[in-house]
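Open the model in your viewer and keep the selection tool at hand.

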Amino acid sequence: MSRSQGLAVKYLAAAVLFFGVMTASGLMSAVYYIDPNFLFGLLHFSTAKMLHIDTMIIWLLMGFMGAVYWFLPEEFGCEPAGIWAAELLFWVFVAAVLVVAAIFVFVQWGPGTETTLWLFQQGRKYVEAPRWAAVGVALVMLVFAWNVVGTAVRAKRITGIMAVMSVNMVPLVLLYLIAFPKIDNMAVDLYWWWWLVHLWVEATWEILIGCIMALAVMKLLDTSRKIVEGWLYIEVGLVLGTGILGLGHHYFWIGTPDYWLGIGGLFSALEPLPLLGMVVHAIYDAGVHRMKTTNRPAFYWTLAEAFGNFLGGGVFGFMITLPQLNLFAHGTQWTVSHGHFAFWGAYACGVLAVCYIALQERRRLAAVEGPGWIWAFILLNGGLIGMVGSLLVAGMAQAFFERAIGGSTLDAFIAGQENAWFQLGIYTRFGFGLMFSAGYVVLAWNLLTLGRRRVVVAQPLPAE
Amino acid sequence: MTPGAFLATSGLLGLMVLAAGAYGLGYTASQLKRSRRWALAAAAAYAVLAIDAAVLIAATPLTPGWKILVGASALAYLGIPPLTWRYLQRTHDQKGAHA
């Protein structure tokens, strides 16, 4: 195994670890909705939520990086340029995440000064990490870009997939820089912040996971490079065509000009179209290969990626994306439901697929078998679908009673929170959250032990 | 838009994309298995999509621009699975499915 793949295993292991932190803090956040006095005076809801969404970003990012470091030597036939820096920064990255998490839990907040921004937290959702940590993430991204682009330069050759990935490194590094400025005007701040959240996470990540899944499918199904590259180019074209201006659906109600209502609605409505093509392709691959592969978990997680992306991004997104409807639904649990499903489908399933691909090669397994992964797959996907279904019910109640009927007054807010449908959604979300958490435990156990347990072969009895 | 119309419109939009997914699934399965049953299921799913789009256009308070978009999307959904299928067939036939 190359140094790059050794680093990949570390990144994937760290990703699974932080996936656990995300799950635990998400479960805690669900408890606060049931019992607002939970951990009163010790840990505020906002801190648990911060841990939940920030570790979501971190574990997925680490998963992507692990996947890229895994495939990089195979693509170029050599170790990545600057691998020593990447190895060093891995530990810096992990240590920084742990320190930031400790600050979130034990310090939580500070006065509204530059010191707080630099040392404790920046207070902007998804990028709460203090500036020193944001500098670290920017450095990690820069070295990551160097590893990819520099290796292509060193190898003096490039594949279509790596060309797309290399070009994608430019916005991946540049867009993250929006995590730094402190803008006093909230409308202007949100305008740029959405570049970070939508364009960084939903556009550059979309291309990155597209490249990763292209490499994964080649390995998993032995599909020709020309076919996957053809699809990748189409996907990149569609992401750029619909996804970039789809950013407009975040601009509806933040103080931007009215024309964003039309632009955002139009391009967001186009976003489900390419996802349908992805579903057709997934069924085609499943049918042609008759679901036969030596790595069923990776194959099933790849299929889950296509379907999850379509349902979470396409179906759940289209319900609330037109401005006339978004007026009532934005910022409710309905949006939360869409966000959970879309992130799970678009990114999480892909990272888990790569975990199993790497595991099979690292442990030299002829085939990845056993009931563990099946239980993890069922519990995680079942829990997730249950959670987003519950949040959908709660969000619909909220949008209907609080917004559409009540007109968003404080009284209407209280009435919405106390509504039986909202409460039902919140309680069932917690129940399915437990199911999801159980799925995480099974997944972690399966990844740790798969192929390591001794196989006992029955010995024939000696002839008498 | 009344509260009832809001929920109904939103539900119809979600159903439209869901029906598109079911149509895509049915269409691809019918081509793979050369099955008349799957072809009928695909047709039924698209019929749901078409009726859903018609209701969205005729009976919801969406503004005309969004109604045109819904109609155009319904037509686009009809074409995506066959186009994708043909592309997949052509690329796999020409280049060989495996490296």
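A residue counts as buried if 20 or more other C-beta atoms lie within 10 Å of its own, as exposed if 12 or fewer do, and as partly exposed in between, with C-beta atoms placed from the backbone. Helices (H or I, at least four residues) and strands (E, at least two) are DSSP runs, numbered from the N terminus. This is a predicted model, in which local features need pLDDT of at least 70 and side-chain atom pairs count only at pLDDT 80 or more, while totals for chains, interfaces and linings use all residues. Residues are numbered from 1 along each chain as its sequence is written, and chains are lettered from A and ligands numbered from 1 in the order in which they are written.

**Stop one: a helix in chain B**

Please select residues 36–59 of chain B, which form helix 2. From first C-alpha to last, its 24 residues reach 34 Å, close to the 34 Å expected at 1.5 Å a residue (the expected span is 1.5 Å times one less than the number of residues). Now colour B:A42, B:A45, B:Y46, B:L49, B:D52, B:A53 and B:L56: these are the buried residues of helix 2 of chain B.

**Stop two: where the chains meet**

Show both chains: 36 residues of chain B are in contact with 36 residues of chain A (C-beta atoms, placed from the backbone, within 7 Å). On the chain B side, the elements giving two or more residues are helix 1 (3–33) and helix 3 (64–95). Helix 1 of chain B brings the largest share, 16 residues.

**Stop three: a helix pair in chain A**

Next, select helix 2 (residues 45–76) and helix 3 (residues 83–106) of chain A, which pack at about 165° with their axes 10 Å apart. Axes are lines fitted to C-alpha atoms, for helices over the stretch in contact, and angles run from 0 to 180 degrees between N-to-C directions. The angle therefore makes helix 2 of chain A roughly antiparallel to helix 3 of chain A (over 145 degrees). Zoom in to see A:T47, A:M50, A:L51 and A:I58 of helix 2 meet A:V97, A:A101, A:F104 and A:V105 of helix 3.

**Stop four: two loop residues**

Most residues other than glycine have a negative phi. Go to A:Y126, in the loop between helix 4 (114–119) and helix 5 (131–155) of chain A; A:Y126 is not a glycine, yet has a positive phi of about 75°. A:Y126 counts as partly exposed because it has 16 C-beta neighbours inside 10 Å.

Finish at A:D222, in the loop between helix 7 (186–221) and helix 8 (225–246) of chain A. Phi of A:D222 is also positive, near 60°, and A:D222 is exposed, with 12 other C-beta atoms within 10 Å.

Methods
Two residues are in contact if their C-beta atoms, placed from the backbone, lie within 7 Å. Angles under 35 degrees count as roughly parallel, over 145 as roughly antiparallel, 65 to 115 as roughly perpendicular and the rest as oblique.
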